[in-house]
Amino acid sequence: NLSEKLQRSFKNLRGEGTISDENISEALREIRLALLESDVNLAVVDELIEHIRTRAVGSQVATALSPTEQIVKIVHDELVNVLGRDTARFKFSSQPPSVILMAGLQGSGKTTTTAKLAQWLKKGGHRPMLVSVDVYRPAAREQLKVVAQSISAQLYEGHLDVKGAGTDEVLRLAREAKREAANYGCDILIVDTAGRNHIDAELMDEMAALKKLLNPSEILFVADAMTGQDAVNSAKAFNDHLTITGAILTKMDGDARGGAALSIRHVTGAPIKFLGTGEKPDAFEAFHPDRIVGRIMGHGDIATLLERAEERLDKGKAEQFAKKALTGDGFTLEDFRDQLRQIKKMGSMKSILKMLPSVGPFAGMSKAVENVDEGQFNRVENIINSMTAKERADHELINGSRRKRIAAGSGTTVQDVNNLLRQYAQMRKMFKTMGSGGGIKAQQRMLS
Ligand code: GDP
Ligand code: MG
């Protein structure tokens, strides 16, 4: 994967203080290949590589990062940049029902995704109605009916004029469905459309007519991630004709490499909004750029590399903390909470423990993993959150009645609050002895 390749190409870079045009060119070649192998579109790759080169060349190698780590971080950032930093928002029209028009080729996952989306919207408190306007294939309409039933979503069936299968019929069904959605108090209408196995003018004209009639707030292009470059080409065609508002990548549970996400975003300018990760209606998630980038770069490695980098970058903060804590009374409940948050940022306790090798001194750890109480962290943080800033700065203020208030505020018991305060007192004592007895050595212990 990409991270491994980078590691290799950077072996000879060690010890050099700056990244130069020469020592980076081999790495860039590797990055280029890896991106192409991940199905990222050629034009996108070339643009990315130029961005990476510009940022990397001449950049001082930060003391906290090795050149490899720095390049990995730059590549990671640039990929995330292409995808857009944030999870895209979903648009609704001010006048219900909002219409969501599903677009895409046959087999891309439109009907399945229509149900997934309906379920997702229902969970968010919406009342979606579904309609299939695929008048050409009765089986396709039947398929939507079955999935709509399985998630108890409203469906507009309508009646088909068997002789009149054509765009007029499509538009009639769509018009009726929108009216019906309004009558039923449904705030959203999701329109599952007919697919073709290739782009043709007829299909595009029909989609354009639907757009004109329904004035949808979202036109979502559904793409099969396994089809790589083809998905990118059809995304472009649909976008040229319809101006899509977003894309959904399906079949991400397979071994699709995810590069299509980058290309579709780059080529259409529309954000990826969701991923489909299985056949069931709940195999659906909001899109997070980070995850796809992780997939392209090679999960484990990039995560570890970035974590290590981040950890070291936070070293200044950690040193500050140690100094404060070790001087005795400096360690407040506020600091305690900060530390908890730092730990939480690294992931769940389980996932951290799982990264430890399962041999040698850690052999018994797998049992411990099962017994970890993830809720404990949150409880402790909730308790500290329920304190006033004054109480956090001076724990001695926290008398019996305050303990009661804090317990009530954090949804815990007075005993939980007492336990926390006891733990905190122990930590203070420990820091104090470390500070006076161990001096510098103790400090190093804390930081390692
Ligand atoms: P449509 O022709 O665009 O409406 O596509 P369908 O919704 O009928 O889906 C085509 C096939 O892909 C079906 O067998 C689906 O079960 C399957 N499918 C759709 N989305 C996903 C997904 O996210 N993961 C997997 N594994 N299969 C999917
Ligand atoms: Mg379908």
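Mentor: Two residues are in contact if their C-beta atoms, placed from the backbone, lie within 7 Å. Keep in mind that this is a predicted model.

Trainee: What share of the contacts with a separation of 6 or more comes from residues 24 or more positions apart?
Mentor: The share is 75%. The chain has 448 residues, and 37% of them count as buried. It is built with 20 helices and eight strands.

Trainee: Why is alanine 247 called buried?
Mentor: Count its neighbours. There are 28 other C-beta atoms within 10 Å of alanine 247. The cut-off for buried is 20 or more. So alanine 247 is buried.

Trainee: Where is alanine 247 in the fold, and what does it touch?
Mentor: Alanine 247 is in strand β6, residues 246-250. Leaving out residues up to four places away in sequence, it touches Leu220, Phe221, Ala223, Ala235, Ile264, Thr268, Ala270, Ile272 and Lys273.

Trainee: Which residues have the most contacts inside the largest nonpolar core?
Mentor: Val191 and Ala247 do, in a core of 84 residues. Helix α2, residues 21-37, gives the most to this core, with six residues.

Trainee: How do you know that this core lies between two domains?
Mentor: Look at who contributes. Domain 1 (2-85) and domain 2 (98-287) both give residues to the core, so it lies between them. There is also a second, separate core of nine residues, including Val380, Ile383, Val417 and Leu420.

Trainee: Now a loop. What makes alanine 225 buried?
Mentor: Its place is in the loop between β5 (218-224) and α9 (229-242). Alanine 225 has 28 other C-beta atoms within 10 Å. Buried needs 20 or more. So the label holds for alanine 225.

Trainee: Which residues is alanine 225 in contact with, beyond its neighbours within four places in sequence?
Mentor: The list is Ala231, Leu249, Thr250, Lys251, Met252, Ala256, Gly258 and Ala260.

Trainee: Is glycine 411 buried or exposed, and why?
Mentor: Glycine 411 has 11 C-beta neighbours inside 10 Å. The exposed class takes 12 or fewer. So glycine 411 counts as exposed. Its place is in the loop between α19 (400-410) and α20 (414-447). Arginine 379 is 32 residues from glycine 411 in sequence and 8.5 Å away, C-alpha to C-alpha.

Trainee: What makes up the shell around ligand 1?
Mentor: It holds 17 residues, the closest being Gly109, Lys110, Thr111, Thr112 and Gly276. Helix α5 (residues 110-123) supplies the largest share, three residues.

Trainee: How do the residues of that shell divide into nonpolar, polar and charged?
Mentor: One is nonpolar, twelve are polar and four are charged. Mind the convention: Gly counts as polar.

Trainee: What does the UniProt annotation cover?
Mentor: The unreviewed entry places "domain: SRP54-type proteins GTP-binding" on residues 271-284. In the model, that span is 0% helix and 43% strand. Its end C-alpha atoms lie 16 Å apart.

How values were computed: Residues are numbered from 1 along each chain as its sequence is written. Chains are lettered from A and ligands numbered from 1 in the order in which they are written. This is a predicted model: local features need pLDDT of at least 70, side-chain atom pairs count only at pLDDT 80 or more; totals for chains, interfaces and linings use all residues. A residue is near a molecule or strand if its C-beta atom, placed from the backbone, lies within 6 Å of it. Helices (H or I, at least four residues) and strands (E, at least two) are DSSP runs, numbered from the N terminus. A nonpolar core is a set of buried Ala, Val, Leu, Ile, Met, Phe, Trp, Tyr and Cys residues joined through C-beta atoms within 7 Å. Domain bounds come from an automatic or database domain assignment. UniProt positions are given in the numbering used here, feature names are shortened, and annotations may be inferred rather than shown by experiment.
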